[in-house]
Amino acid sequence: MVFAKAPTPGRVKTRLVPALGECAAAELHRQLAERTLFTAVSAGLGPVELWCTPETDDAFFATCASKYGISLCAQGEGDLGIRMARALEHALAGGSAGILVGSDCPVLTAQYLREAAAGLAAGNDAVFGPAEDGGYVLIGLGRKSSAQLFENIAWGTATVMRETRARLAQLDWRWSELATLWDVDRTEDLLRLRRLRGECSAHGPNSP
């Protein structure tokens, strides 16, 4: 599952607007979301769902559904924790583990997603991909979701992963963590992204 917002100028990547402008920030969001969908499909782990906000009727979402052969779901109301819990519960209700990623991690790979699936197959209740900023870029659940895992978390802060670890311990869940990655949220991430794209271009079109 991939979480994404409609790429409306002025409403996505707002912390990057001072550096890029509203339209360029929205275009960056489109590019990152499409790269994430391509990666998720390439992992070959099963059907891919794009969980959209505010609704599924944006033209960008329709294009993604057609281009990548994915299904669209609405994130619905509530804070980030409520919306993530809803998406994961939907996957678990179908009898399979659920893996959810955001749409702004440019170094996410198909192998990373496969490692997450392997962690759940090994018997872990949950698997996480920590982010350098203190949050996480991936969460996978292999058992029934617990609302407690997502309640009263300071989303968007440097304490998210630390709070989540404490919550997992309280629930007595077994979990594993993958390598720490970075996402594009802050102005300082833009230079890093440009360097990454330059390296990929230097190695040719088939570079990761």
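The sulfur of C73 lies 7.5 Å from the closest cysteine sulfur, that of C52, which is too far for a bond.

The model is predicted, so local features need pLDDT of at least 70 and side-chain atom pairs count only at pLDDT 80 or more, whereas totals for chains, interfaces and linings use all residues. Residues are numbered from 1 along each chain as its sequence is written, and side-chain values use heavy atoms, with hydrogens and water left out.

Turning to open space, the largest pocket has a volume of about 970 Å³. Here a pocket is an open set of points on a 1 Å grid over the protein atoms alone, where a 1.4 Å probe fits and protein lies on both sides within 12 Å along at least five of seven lines; lining residues have an atom within 4 Å of a point. The volume is the space filled by probe spheres set on the points, which are joined across faces, edges and corners.

The lining of this pocket comprises 35 residues, and R15, L80, D104, D183 and D185 lie nearest the centre. By class, the lining divides into 17 nonpolar, nine polar and nine charged residues. Elements that each supply at least two lining residues are β1 (2-5), α4 (80-93), β4 (98-101) and β6 (136-141), with helices (H or I, at least four residues) and strands (E, at least two) taken as DSSP runs numbered from the N terminus. The largest share, four residues, comes from β6.

Helix α4 also contains E89, which is partly exposed at 38% relative accessibility. The C-alpha atoms of E89 and A147 are separated by 9.7 Å, although the two residues are 58 apart along the chain.

Helix α2 (residues 22-42) has 21 residues and spans 30 Å from its first C-alpha to its last, close to the expected 30 Å, a figure given by 1.5 Å times one less than the number of residues. Buried positions in α2 include A25, L28, L32 and T36. After α2 comes G44, with a positive phi near 65°.

Definitions and conventions:
Ala, Val, Leu, Ile, Met, Phe, Trp, Tyr, Cys and Pro count as nonpolar, Asp, Glu, Lys and Arg as charged, and the others, Gly among them, as polar. A disulfide is a pair of cysteine sulfur atoms within 2.5 Å. Buried means under 20% relative accessible area, exposed over 50%, partly exposed in between (1.4 Å probe, protein chains only).
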